[in-house]
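Good morning, colleagues. I would like to take a few minutes to walk through one structure, and I ask you to keep it in view while I speak.

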Amino acid sequence: MTTLLWIIAMILVLGAMAYLRVSLLTATLGALVVMAVGSATEIVNTTAWIVFLVVALPFNIKSFRQHFISRPLMKVYRGIMPEMSSTEKEAIEAGTTWWEADLFAGNPNWSKLHNYPQARLTADEQAFLDGPVETVCAMVNQHQVSHQLADLPQDVWQYLKDNGFFAMIIKKKYGGLEYSAYAQSRVLQKLAGVSSELASTVGVPNSLG
């Protein structure tokens, strides 16, 4: 029973260290304390100490770890993974991160989120919502789209093309509307309230664009 409790204690300590994302040295010291407790209660013997030190010491000596563990493993990993294409590399380098980077890192800074300025529509974006978006919503009959045509009517397709619905985030110098992500979201929200097919038809090329 004592051995089981010691194992549970070791798992909890290592789990807490991983959750708190402490340094490798701190995690090793935490494990060392549990090992010492186990040694005092005669759970941990000399063999266990040797195994612990053989594993812990190489990882905590930075130069040794980099030269004999990290670099060889990275070389093996690169040999397994396929080469990144130029298109994939350009896509990754073109992206940016917002507050969600903090969220997925497990340490969200809520003050940072609250300090972001509130997104607002420009006059052109608001006019687009009040004009073309309202017009195309009135042109769509969900029953006709879903059950009769299984497609958008041709006049709706043409209206979407003529009014730049497929190029909302493309820069104006390339023939697009150059709207913000917030404006695009508002447009898709409005279209989705009328027809999911209409929202998908507009949303997909803008996402790819």
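**Exposure, packing and salt bridges**

Leucine 14 has a relative accessibility of 41%, so this residue counts as partly exposed. Please bear in mind that we are looking at a predicted model. Leucine 14 belongs to helix H1, which covers residues 2–20.

Let me turn to a nonpolar patch on the surface. Leu24, Ile50, Val51, Val54, Val55 and Phe59 make up this patch, and together they have about 520 Å² of accessible area. Helix H3, residues 46–60, supplies the largest share, with 5 residues. Isoleucine 50 is located in helix H3.

Next, helix H11. This helix has 12 residues, 181–192, and spans 16 Å from its first C-alpha to its last, close to the 16 Å expected at 1.5 Å a residue. Which residues of H11 are buried? They are Ala183, Gln184, Val187 and Leu191. Viewed down the helix axis, the buried residues of H11 fall within an arc of 100°, so they line one face of the helix. Ala181 and Gln189, on the other side of H11, are exposed. The cover over the buried residues of H11 includes helix H8 (123–139) and helix H12 (196–208).

I come now to the charged pairs. How many salt bridges does a search of the whole structure find? The search finds 3.

One of them joins lysine 190 and glutamate 134, with an N to O distance of 3.2 Å. This pair links distant parts of the chain, since lysine 190 is in helix H11 and glutamate 134 in helix H8, 56 residues apart. Lysine 190 is partly exposed at 35% relative accessibility, and glutamate 134 is partly exposed at 38%.

Another pairs lysine 172 with aspartate 124, whose closest N and O atoms are 3.9 Å apart. Here too distant parts of the chain are linked: lysine 172 sits in the loop between helix H10 (154–162) and H11, and aspartate 124 in helix H8, 48 residues apart. Lysine 172 is exposed, at 52%, whereas aspartate 124 is partly exposed, at 47%.

Finally, lysine 112 bridges to aspartate 102, with the closest N and O atoms 3.3 Å apart. Lysine 112 lies in helix H7 (residues 110–114) and aspartate 102 in helix H6 (residues 100–104), so the pair ties together parts 10 residues apart in sequence. Lysine 112 is partly exposed, at 35%; aspartate 102, at 18%, is buried.

Thank you for your attention.

Terms used. Residues numbered from 1 in each chain as written. Predicted model: local features only at pLDDT ≥ 70, side-chain atom pairs only at ≥ 80, totals over all residues. Heavy atoms only, no water. Helix = DSSP H or I, 4+ residues; strand = E, 2+ residues; numbered from the N terminus. Buried < 20%, exposed > 50% of the residue type's maximum accessible area, 1.4 Å probe, protein only. Expected span 1.5 Å × (residues − 1). Arc of directions from axis to C-beta. Contact = heavy atoms within 4.5 Å. Patch = residues over 30% accessible without salt bridge, like charges linked within 9 Å, V, L, I, M, F, W, Y side chains within 5 Å. Areas by Shrake-Rupley, 256 points an atom, 1.4 Å probe, with all protein chains shown as cover. Salt bridge = Lys/Arg side-chain N within 4 Å of Asp/Glu carboxyl O.
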